[in-house]
Amino acid sequence: LLVPVYWWHYGPINFLWFSNIALLTTLVAVWRESALLASMMALAVVFFEVFWSLGYFVRLVTGTELLGLSAYMFDESIPRFIRALSLYHLALPPLLLWLMYRLGYDKRALWRQTLVAWTVLPLCYLVSDAEGNENWVFGWGEHGERSVLPGFWWVLAQMAAFPLLVYLPCDRFFRRWFGKNPPTAR
């Protein structure tokens, strides 16, 4: 249901968001019982989805915007049904953590997810614009209004920051808590 609705409302470029990539890839990980895919998607989104959820609940309860990750959920110009579909952001982290608990954490995930990010980020910059600002490649914020670096330099900084500041710490955490050898490494 989500794919055709998002495609119609947002267009195909919207599927370059890491969270949308993770949602669809997680379905494959569940179906194939793939520790590698689950581990890669956990690296890609668990950190950000926790902040998305925190921001959503804080805004819901207090009306205060934290980081802007979930700001669109309160945008009345977006139909309520379409915003409701985005509630998958709340379920994705627990699902990925459960998959790693069940299947184990695949150590290959760090480098493979880094390669995915190094492909997706420049692609977002090339095919989208500041209005869509997929994965915030034009700067921090809904329309890329805050960037400390000009143009593609911001994307290059993201390509360095994601693996070093997000993926590597998450990789260490996941190895410690879910690092058993998966029963079936696919």
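Residues are numbered from 1 along each chain as its sequence is written, and side-chain values use heavy atoms, with hydrogens and water left out. Because the model is predicted, local features need pLDDT of at least 70 and side-chain atom pairs count only at pLDDT 80 or more, while totals for chains, interfaces and linings use all residues.

**Helix α1**

Helices here are DSSP runs (H or I, at least four residues), numbered from the N terminus. Helix α1 spans residues 2–10. Which of its residues are buried? They are L2, V5 and Y6. Buried means under 20% relative accessible area, exposed means over 50%, and partly exposed lies in between (1.4 Å probe, protein chains only). An α-helix has 3.6 residues a turn, so residues three or four places apart point the same way. On the other side of α1, the exposed residues are P4, W7 and W8. The cover over the buried residues of α1 includes α2, α4 (80–85) and α5 (88–103). G11 follows α1 and has a positive phi, near 95 degrees.

**The nonpolar cores**

A nonpolar core is a set of buried Ala, Val, Leu, Ile, Met, Phe, Trp, Tyr and Cys residues joined through side-chain atoms within 4.5 Å. The largest core has 44 residues. Within it, F18, L43, Y167 and F174 touch the most other members. Helices α1, α2, α3, α4, α5, α6 and α7 each supply at least two residues of this core. Helix α3 gives the most, with 10 residues.

What does F174 touch? Leaving out residues up to four places away in sequence, its contacts are A42, L43, V46, L97, M100, Y105 and G179. Contact means heavy atoms within 4.5 Å.

There is also a second, separate core of 5 residues. Its members include A29, A35, A38 and L103.

**Salt bridges**

A salt bridge is a side-chain nitrogen of Lys or Arg within 4 Å of a carboxyl oxygen of Asp or Glu. Side chains of opposite charge can pair when their charged atoms come close. The count by this rule is 5. Among them are these:

| Salt bridge | Distance, N to O |
|---|---|
| R59 and E65 | 2.6 Å |
| D171 and R172 | 2.5 Å |
| R175 and D171 | 2.8 Å |

R59 is partly exposed at 23% relative accessible area.

D171, R172 and R175 are linked in a network of salt bridges. D171 is buried, at 0% relative accessibility. R172 is partly exposed at 46%, and R175 is partly exposed at 31%. R175 and D171 both lie in helix α7. They are 4 residues apart, about one turn of the helix.

E33 is not a glycine, yet its phi is positive, about 50 degrees. E33 lies in the loop between α2 (18–32) and α3 (35–62). Its relative accessibility is 32%, so E33 counts as partly exposed.

W136 is another residue other than glycine with a positive phi, near 55 degrees. W136 is found in the loop between α6 (109–127) and α7 (152–178). Is W136 buried or exposed? W136 is buried, with a relative accessible area of 9%.
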